[in-house]
Amino acid sequence: MTVTELALEPLASSSPAAGCCGPADDSAVDHETAVDVARRFKALADPARVQLLSIAAAHEGHEVCVCDLTGPLGLAQPTVSHHLKLLVEAGLLERDQRGRWAYYSLVPGALGGLRATLGRIVAPQA
């Protein structure tokens, strides 16, 4: 493999901090918020996980037993459990173990909070 070193030319601007288009906007989202939003959207980036949230939201009390989730999705139980684990880790679902079965429910305010955060992030540019 051939490695070619490239020399970097200095910026033409007299101020090295000015950048090519002027100063960056200080109202940009902070790193922690960006990581949190990306983690939650990554959890929603799978159709099966979106369906799981929808099923939980549609059930009475916004809660569903894991035993009721394999049929509607047409997925094996281990696959459904994996998707549910990711949704719990993302803070979108809560898990409650009751004897043999686990029940999953929407985290109160999680989706509204995600919507509000996204609105704050993109509203200044919209």
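Predicted model: local features only at pLDDT ≥ 70, side-chain atom pairs only at ≥ 80, totals over all residues.
Is T117 buried or exposed?

**View A. The hairpin of β2 and β3 has two residues between its strands.** Strand β2 covers residues 93–98. Strand β3 covers residues 101–106. The two pair in the antiparallel sense, over six bridges.

**View B. The largest nonpolar core contains 19 residues.** L52, L69, L84, L87, L92 and L93 make the most contacts inside this core. Helix α2 supplies the largest share, four residues. In soluble globular proteins, nonpolar side chains tend to be buried together.

**View C. L69 is among the core residues with the most contacts inside the core.** Neighbours within four places in sequence are left aside here. L69 then contacts L52, I55, V64, V80 and L84. Two of these partners, L52 and L84, are also listed with L69 among the residues with the most core contacts.

**View D. T117 sits in helix α5.** The helix spans residues 110–122. T117 is buried, because its relative accessibility is 9%, and the cut-off for buried is under 20%. A polar atom of the T117 side chain lies 2.9 Å from the backbone oxygen of G113. Beyond neighbours within four places in sequence, T117 is in contact with T33, V37 and R40.

Methods
Residues numbered from 1 in each chain as written. Heavy atoms only, no water. Pairing = 2+ DSSP bridges. Core = buried A, V, L, I, M, F, W, Y, C linked by side-chain atoms within 4.5 Å. Buried < 20%, exposed > 50% of the residue type's maximum accessible area, 1.4 Å probe, protein only. Contact = heavy atoms within 4.5 Å. Polar contact = N/O pair within 3.5 Å; in protein donor to acceptor, adjacent residues only side chain to side chain.
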